[in-house]
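Student: I have a chain open beside its sequence, and I would like to work through parts of it with you. Could we reason from individual positions towards the helices that carry them?

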Amino acid sequence: REGQQGRERERNERGFSCYRFHFFSVTSSKFVPSLSRLCRRHKFLREDQPQYDPMETKDMMMTSMFTMDKGENDEERDKEREEEVSNGFNPSAPQSPREEPGTAACSGGTAPAPGGSTSSPMPLGGLRTLVVQQTSLDRPRETWSKKMDFLLSVIGYAVDLGNVWRFPYVCYQNGGGAFLLPYLLMAVFGGVPLFYMELALGQFHRSGCISIWKHICPIFKGIGFAICIIALYIAFYYNTIMAWALYYLLSSFRPTLPWTTCTNSWNTANCNSYMSTDHNVSWSNSSTSPAEEFYTRHVLQVHLSPGLHQLGSVSWQLALCLLFIFTIVYFSIWKGVKTSGKVVWVTATFPYLVLLILLVRGATLPGAWRGVVFYLKPDWEKLLTTTVWIDAAAQIFFSLGPGFGVLLAFASYNPFHNNCYKDALITSSVNCLTSFLSGFVIFTVLGYMAEMRQQEVDAVAKDAGPSLLFIIYAEAIANMPAATFFAIIFFLMIIMLGLDSTFAGLEGVITAMLDEFPQLLAKRREWFVFGLVCVCYLGALSTLTYGGAFVVKLFEEYATGPAVITVVLLEVIAVSWFYGTNRFCNDIQLMLGFYPGCFWRVCWVAICPCFLLFIIISFLAFPPEVKLFNYHYPQWTTVLGYCIGVSSFICVPAYMVFHLLTAKGTFKQRLLKSITPVPSCNDHRDFIVTNAV
């Protein structure tokens with residue numbers, strides 16, 4: 001915007017040492033021709049040089065033009081060089097075939113043009129260089145504020161409620177300490193390679209689980225839609241468990257915990273109340289504890305529902321608790337990873353503090369050693385059974401959580417050259433160690449309960465899943481000194497473990513949809529997140545009924561497990577066999593500077609597909625017997641569960657058919673195009689230098 005006279009005056013007074021123009025245009029088709037004309041007017045380009053083609057460049061450009069006067073001193077020249085480097089221009093590179101940087105090859109107001117020609121005059125004052133910085137027309141992609149935000153988010157996602165209740169139960173059920181051998185083998189050869197693969201894919205292509213497939217194998221794009229549907233199913237039931245924990249938390253703010261007595265309105269004649277000081281209480285197989293009746297008859301109220309065929313009405317108390325949970329979720333993720341990355345500093349670290357407190361407290365309880373022995377005593381004969389290896393594979397897979405679109409989404413917000421290899425090893429190791437630590441926290445308390453009831457540990461630890469937390473552990477806490485304090489921090493821990501996973505699961509869906517439909521949703525993120533949270537809340541209403549616990553169990557067993565394992569199997573096949581392991585490894589080398597070793601390549605090509613296929617076949621060969629409390633699921637519920645699972649997976653073949661029908665050309669051309677990846681845009685290339693004179 002400087003006038004011509006002002007520029008002439010500055011040139012005369014200051015020796016025309018430095019000036020800069022900034023050009024900006026939203027539509028590059030209008031901008032590029034005008035830039036060319038401007039450059040010719042100021043002698044940056046010769047008249048015989050070609051015009052820019054606006055159809056080839058659909059990017060915004062910022063231009064920075066520098067001039068150096070011949071009489072500038074070294075200090076001013078060094079200062080300008082630093083300014084040039086900060087704008088993406090490397091002054092060490094030759095600016096023309098016959099010039100070196102910093103030479104003001106001007107004599108009498110002229111300078112040699114590229115190629116040695118001296119016919120084209122240069123402006124007075126010295127050399128001018130045009131540096132074109134090229135960025136995308138799209139909005140710049142959001143990034144993590146700190147590296148630790150990313151690590152805590154991934155750890156918070158991987159370390160969830162399953163680490164606390166599922167791993168200890170599976171461990172002692174499959175040989176105690178002997179189970180650690182198949183668990184570690186499955187982690188090394190199956191879980192960690194899948195974890196590493198998803199982080200690398202997301203970081204390189206910088207896309208969510210839907211749009212990333214055009215860069216890998218377009219015909220498999222249905223995998224992304226299937227992942228989003230699975231994430232919705234998980235949100236329907238997973239947050240209900242946090243609503244139960246919130247109800248327990250609110251009930252804990254009283255001197256006497258309500259699940260310690262049998263004098264409440266919901267108790268039955270079989271209720272057998274005892275404290276750690278009671279020694280005259282006889283425990284029989286028909287006895288029920290106050291904690292069990294509080295959970296089943298007061299919180300869940302399952303006695304009012306005969307089964308899935310008659311769920312009953314919605315519990316308004318749980319509906320309010322779930323509404324509060326989703327309110328927290330919304331205001332934690334509505335602005336993106338900038339806000340959720342701050343929240344996880346609390347939600348991901350607080351559970352570890354509570355686990356350490358509970359571990360120290362549990363280790364000092366009488367009978368704690370019985371639980372630890374039961375937890376770790378190896379039974380090597382069980383390693384000869386297939387069930388142990390199936391459980392180990394399933395546990396490590398669902399613990400690390402590849403295939404849910406979360407790792408792709410989180411890694412897509414990383415800097416391009418972030419060391420995702422080290423991140424994968426750190427977060428997966430923390431996850432496995434947390435599972436192992438949780439076993440001590442749980443079984444020291446189970447040993448204490450067995451000591452109090454004068455029973456064996458296996459009789460006390462007969463329940464798995466939420467019942468282990470809301471009945472057994474809640475009862476043990478009620479018998480501790482300072483029971484109110486331990487109850488509050490324990491259920492706060494349960495809520496925060498669940499919140500991390502909910503943040504991650506919904507962020508995977510949000511990132512996928514915003515990347516797939518940027519024109520529609522990019523500027524409406526807050527409204528889209530609000531709509532998504534409302535859909536999840538409405539979908540979860542069936543789990544808040546009197547028979548809602550039966551719905552939660554059905555979703556957990558059928559809606560997510562088999563479907564997501566099958567989806568990940570197809571994902572590994574698409575990346576390793578269609579996209580190509582060599583191409584994928586070259587991408588990693590471009591990002592990290594080193595080529596993945598032979599171990600990782602073999603795992604991605606052969607071991608991981610066999611690992612996932614083993615889990616799928618075992619699930620089909622040995623379908624789980626679904627039972628909750630005294631309710632055995634009828635046969636029609638099994639069919640219903642498989643239909644729910646297939647409803648998400650059906651997106652994969654449906655999109656394949658749709659893609660082949662809508663593509664142009666012969667069938668062979670359509671098929672070839674459907675498996676040919678579209679190169680990713682090189683967002684990591686910060687600048688280009690063009691027509692340097």
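Student: Does Ser501 count as buried or exposed?

Tutor: Bear in mind that this is a predicted model, and that Ser501 is found in helix H18. The cut-off for a buried residue is under 20% relative accessible area. Because its relative accessibility is 11%, Ser501 counts as buried.

Student: Which backbone oxygen does the side chain of Ser501 reach?

Tutor: Leaving aside residues up to four places away in sequence, Ser501 touches Gly156, Tyr157, Asp160 and Tyr238. The side chain of Ser501 comes to 3.4 Å from a backbone oxygen, and the residue that carries this oxygen is Tyr157.

Student: Does Asp500 count as buried or exposed?

Tutor: Asp500 has its place in helix H18, which spans residues 483-516. Not counting residues up to four places away in sequence, Asp500 touches Gly156, Tyr157, Val344, Thr347 and Ala348. With a relative accessibility of 4%, Asp500 counts as buried.

Student: What is the largest C-alpha distance among the residues that the UniProt annotation "binding site" covers?

Tutor: According to the UniProt record, an unreviewed entry, the annotation "binding site" covers Gly156, Ala158, Val159, Asn163, Ser399, Asn431, Leu497, Asp500 and Ser501. These residues are spread over 346 residues of sequence and yet cluster in space, with a largest C-alpha distance of 13.5 Å.

Student: Why are H10 and H18 described as roughly antiparallel to each other?

Tutor: Helix H10, made of residues 337-347, packs with H18 so that their axes are 10 Å apart and the angle is about 160°. Angles over 145 degrees count as roughly antiparallel. H10 and H18 are therefore described, relative to each other, as roughly antiparallel.

Student: Which residues of H18 do the residues of H10 meet, and what is the handedness of the crossing?

Tutor: On the H10 side, the residues taking part are Val337, Val343, Val344, Val346 and Thr347, and in H18 they meet Met496, Asp500, Phe503 and Glu507. Asp500, which has a place in this packing, is also listed in the "binding site" annotation of the UniProt record. As for the handedness, the crossing of H10 and H18 is left-handed.

Student: What separation do the C-alpha atoms of Thr484 and Ser252 have?

Tutor: Thr484 is likewise found in helix H18, and at 22% relative accessibility it counts as partly exposed. Not counting residues up to four places away in sequence, Thr484 touches Ser252, Arg254, Pro255 and Leu257. Thr484 and Ser252 are 232 residues apart along the chain, while their C-alpha atoms are separated by 6.0 Å.

Student: Which side chain is joined to that of Asn418 by a polar contact?

Tutor: Asn418 lies in the loop between helix H14 (406-412) and helix H15 (420-453), and Asn418 is buried, with a relative accessible area of 9%. Residues that Asn418 touches, not counting those up to four places away in sequence, are Lys147, Gln203, Asp423 and Leu592. The polar contact has a length of 2.8 Å, and the side chain joined to that of Asn418 belongs to Asp423.

Student: For the chain as a whole, what percentage of the residues count as buried?

Tutor: The chain contains 26 helices and four strands. Among its contacts between residues at least 6 apart in sequence, 81% join residues at least 24 apart. Of the 693 residues of the chain, those that count as buried make up 55%.

Definitions and conventions
Residues are numbered from 1 along each chain as its sequence is written. This is a predicted model: local features need pLDDT of at least 70, side-chain atom pairs count only at pLDDT 80 or more; totals for chains, interfaces and linings use all residues. Side-chain values use heavy atoms; hydrogens and water are left out. UniProt positions are given in the numbering used here, feature names are shortened, and annotations may be inferred rather than shown by experiment. Helices (H or I, at least four residues) and strands (E, at least two) are DSSP runs, numbered from the N terminus. Buried means under 20% relative accessible area, exposed over 50%, partly exposed in between (1.4 Å probe, protein chains only). Contact means heavy atoms within 4.5 Å. A polar contact is a pair of N or O atoms within 3.5 Å; within protein, one must be able to donate a hydrogen and the other to accept it, and residues adjacent in sequence count only if both atoms are side-chain atoms. Axes are lines fitted to C-alpha atoms, for helices over the stretch in contact, and angles run from 0 to 180 degrees between N-to-C directions. Angles under 35 degrees count as roughly parallel, over 145 as roughly antiparallel, 65 to 115 as roughly perpendicular and the rest as oblique. A crossing is left-handed if the near helix is turned anticlockwise from the far one by less than a right angle, and right-handed if clockwise.
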